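Open the structure in your viewer and keep the sequence beside it. The tour below goes from one selection to the next.

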Amino acid sequence: MTSINIINRSLVIKNPESKVGQFLQYFWNNTIKDNKTKNSSTSAFNISIIETNTIEELFSHPSKTFLQSVKTIEHNIDIFTLTIANEQEPCWLLGTSTNGVSLRLKNKSALINYWGDEFLLPHIVLAAIIEALRYSGLLCLHAASASINGQGYIFLGKSGTGKTTTLLRAIKSGWSPLAEDTILLDPTTMLAYGWEKSIRLLPTSLQVLDKPLRSHDWDKNFDKFSVPYNSLCDYYATERQHCFPIHHIVQLARHKDNQDNLCQWTQISAIDITKSLWNTVGLPLSERSQQFSAQHIGKLARHSTAWRLELGNINSPLAPPSFQS
Amino acid sequence: MTYTITKGIIETDLENELVLLHPENRNMYSLNETGRIIWKNLESLGFEGAINQVLKEYDTTKEQAMRDAEKLLQELIQANFISISKAT
């Protein structure tokens, strides 16, 4: 059994030697624990991850369950909602009967069982863990983040709007990166956390980098190169951070036809940034997580400065808004 | 008439304004300060009661407040954020 601390929550992996167990230990890498969370008022939450032979072991009384609905998330993972007799929260089944995950949420704990052996299974388990973390009171954002001059920024945008290239431009300009893809935010402290080891870059994004980095033989997964933060930060003489407070939320807009050196910061309303945040967060499965997310997004929108950043197709250095003329 | 807020609508409170999120179709709708008052009081106080709450807090005429509220409610009904039924 292995336990990993994720912002004052315990992720207990009962089968650390399994493929999923090894993936989770590599993925979280113990980087997300942080002494700053000691002051957080969030109570402890335990997430147990257990390998199970078959789905039948979990539901020996199928007549007591009722299949309610199905939705599909990233990687085309199907989610089924099961109502179980005498249980307050439903049980969610992610994946399939031969390769999937069940997620049960209690007041102060979550139980995740997984079965099967397909390559996507670790990612399905990860999706369930993210749901459990949302249920515990954290906000999970699909966004990039970096800081400069003691100010933390979150960059929001749909796929293709340039989150990754904006982060690369920021790193090249001396910003400290936090995350390229996913951030966990503790709303009690307004601290954002990142734990990725590498930035995943499409070949086109790799062109943003200087030649020595561009021509390096980086690992490739699916169609993306994995460029370690350490390599990027060493080369561009900046420092990776795993945690900082958020002051600014930035809605990205990319004008691919614009060949000028466009980098225009404009302040926008709390309503506009709230809508962008919801598009980034997505809708959590449980009602409690939905209510938490609504509270946290409201707080984030009220306490941060909201910006729209319009970028052209020239990958020039990225200046923060206060440096604009 | 009885107004009923659709079950599961998620409210994000920005203090003076409110963003509504429909859990089924993910549509979002933002309410300004007076719209927020109408929304918060519509189910419990009904249309007239919600209008009176607006008049208590804002310097406007009843006719203007009713016109604005009717327009808002039409949009919210059309977007399936609320439903309307005849009072029994």
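Among contacts in chain A between residues at least 6 apart in sequence, what percentage join residues at least 24 apart? The figure is 68%. Keep in mind throughout that this is a predicted model.

**Stop 1: chain A as a whole.** Chain A has 21 strands and eight helices. Its length is 325 residues, and 40% of them count as buried.

**Stop 2: strand S13 of chain A.** Select residues 183–186 of chain A, which form strand S13(A), and show the side chains. Ile183(A) and Leu185(A) point one way, while Leu184(A) and Asp186(A) point the other way. In a regular strand, side chains alternate between the two faces of the sheet. Are these four residues of S13(A) buried or exposed? All are buried, Asp186(A) included.

**Stop 3: the partners of S13(A).** Look for Cys140(A): its bridge partner in S13(A) is Leu184(A).

S13(A) and S14(A) form a hairpin with four residues between the strands. In this hairpin, select Met190(A), which takes a positive phi near 60°.

**Stop 4: where chain B meets chain A.** Show both chains. Twelve residues from chain A and 13 residues from chain B take part in the contact. On the side of chain B that touches chain A, the elements giving two or more residues are strands S2 (10–13), S3 (18–21) and S4 (28–31) of chain B. Which of them gives the largest share? S2(B) does, with four residues. Colour this side of chain B by residue type: six of its residues are nonpolar, five charged and two polar.

**Stop 5: two helices of chain B.** Select residues 33–57 of chain B for helix H1(B) and residues 62–78 for helix H2(B). Their axes come within 11 Å and cross at roughly 100°. An angle from 65 to 115 degrees counts as roughly perpendicular, so H1(B) and H2(B) are roughly perpendicular to each other.

Finally, show the side chains where the helices meet. On H1(B), the residues include Ile38(B), Ile51(B) and Val54(B); on H2(B), Met66(B), Ala69(B) and Leu72(B) are among them. The residues of this contact divide into nine nonpolar, two polar and two charged.

Notes:
Residues numbered from 1 in each chain as written. Chains lettered and ligands numbered in written order. Predicted model: local features only at pLDDT ≥ 70, side-chain atom pairs only at ≥ 80, totals over all residues. Buried ≥ 20, exposed ≤ 12 C-beta atoms within 10 Å, placed from the backbone. Pairing = 2+ DSSP bridges. Contact = placed C-beta atoms within 7 Å. Nonpolar A, V, L, I, M, F, W, Y, C, P; charged D, E, K, R; others polar. Axes fitted to C-alpha atoms, helices over the stretch in contact; angles between N-to-C directions. Parallel < 35°, antiparallel > 145°, perpendicular 65-115°, else oblique.
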